[in-house]
Amino acid sequence: MRVVSFLALALCSLAAWAQADEDEVCPLCLTNQYAKCSGSECECTMKLAQDLKQPVNCTLLTRKCWMMKNEMYRKKNNIGTRRKPTEHAMLDNDGIYDPDCKNNGDFHAKQCNGTDTCWCVNSAGVRRTDKGDKGIMCPELVKTFWFQVQLRHKPINKAISEDKLKDTIEKMFADYKVDKGYIEKIEYFKDDRYIYVDLKQNRTVDSPTDLATAAYYLEKDIKGNSLFSFNYNRSVQDDGIPYDGTKLAFDEAYVYYIDSKNPEFSMKGMTPGIIAVVVVVCLAVVAGLIVLFFARRKAAKSHIYQKAEGRELDEIQKQQLTT
């Protein structure tokens with residue numbers, strides 16, 4: 001009986017050693033440091049819940065919805081740490097939440113975060129409506145087709161060449177699997193050290209890259225929380241990116257989202273800053289109407305009128321129709 005038990009223990013130990021050996025020879029998932037690769041096929045998976053593992057493709061960036069869900073899993077189980085996100089207007093300032101993902105990694109249009117409070121999101125997972133109860137209707141996942149990335153680099157002891165800077169930024173986005181065809185425009189304002197990059201999901205570009213995911217990875221890198229495996233301590237913010245024989249580091253990164261349909265926020269759901277802007281705009285419009293009223297009244301009193309000739313009016317209408 002003891003011999004049988006010893007043999008069973010030896011076989012279990014051998015199997016464990018063999019599995020460990022298999023895990024050791026499996027390469028790291030370079031695009032996702034939280035994925036683990038194991039087995040004879042070296043399948044790479046990432047935990048989304050205690051009993052849920054998501055297979056990931058390590059040649060691509062892991063979809064944003066899955067990465068957020070993994071982050072919430074690690075946060076709930078005290079696995080690793082997360083820096084507090086920067087709050088800024090008109091951005092994804094709701095912070096992290098536990099998203100409901102589709103099988104392909106897309107966000108479901110309706111998100112509830114495990115509570116009775118729900119809201120609608122765009123394809124980047126950013127809230128685009130006021131929060132409501134479970135009865136809130138989100139009939140479609142509205143596409144975020146345009147991403148405006150605002151970067152601010154740290155001072156360097158070298159004059160910035162705009163052409164070289166654009167090449168550097170294009171190479172940087174290539175690290176995030178962003179095809180050059182997605183980059184519509186790069187602008188540089190040297191006085192403020194701001195770089196503005198317009199990314200658009202161009203239908204003519206044959207690329208599997210999801211721009212929402214690429215922007216998510218970039219933000220993490222700038223904030224020193226890289227999702228890549230090739231260097232756990234990699235920080236674009238501190239280490240920077242190669243530029244003309246030196247390093248270009250960043251101290252700010254903001255991503256703005258433009259959807260194919262306008263967001264549906266009520267005045268009640270707006271932040272005080274946004275409400276203040278709306279009030280200022282309204283006051284400006286009212287002031288303009290008052291000025292226009294008195295100007296017209298003055299013109300009426302002096303009997304000064306200007307009338308467009310019929311031919312001129314036709315030309316104006318034609319221009320309006322063609323514009």
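Helix 2 (residues 64-76) and helix 4 (residues 211-222) have axes that come within 9 Å and cross at roughly 45 degrees. Lys64, Met67, Met68 and Glu71 of helix 2 make the contact with Ala212, Thr213, Tyr216, Tyr217 and Lys220 of helix 4; contact means heavy atoms within 4.5 Å. By class, this contact has five nonpolar, one polar and three charged residues.

This is a predicted model, in which local features need pLDDT of at least 70, side-chain atom pairs count only at pLDDT 80 or more, and totals for chains, interfaces and linings use all residues. Residues are numbered from 1 along each chain as its sequence is written, and side-chain values use heavy atoms, without hydrogens and water.

Thr62 lies in the loop between strand 3 (52-55) and helix 2. Thr62 counts as buried because its relative accessibility is 2%, where buried means under 20% relative accessible area with a 1.4 Å probe, protein chains only. Beyond its neighbours within four places in sequence, Thr62 is in contact with Asn32, Met46, Val56, Met67, Thr213 and Tyr217. The side chains of Thr62 and Asn32 are joined by a polar contact of 3.0 Å.

Strand 6 (residues 144-153) is mostly covered, with seven of its 10 residues buried. Strand 6 runs antiparallel to strand 11 (residues 250-259), joined by nine bridges; Arg152 has Glu252 as its bridge partner in strand 11. Strand 6 also pairs with strand 8 (residues 194-200) in the antiparallel sense, over seven bridges, and Gln148 stands opposite Asp198 in strand 8. Pairing requires at least two DSSP bridges between two strands.

Technical notes: Axes are lines fitted to C-alpha atoms, for helices over the stretch in contact, and angles run from 0 to 180 degrees between N-to-C directions. Helices (H or I, at least four residues) and strands (E, at least two) are DSSP runs, numbered from the N terminus. Ala, Val, Leu, Ile, Met, Phe, Trp, Tyr, Cys and Pro count as nonpolar, Asp, Glu, Lys and Arg as charged, and the others, Gly among them, as polar. Buried means under 20% relative accessible area, exposed over 50%, partly exposed in between (1.4 Å probe, protein chains only). A polar contact is a pair of N or O atoms within 3.5 Å; within protein, one must be able to donate a hydrogen and the other to accept it, and residues adjacent in sequence count only if both atoms are side-chain atoms.
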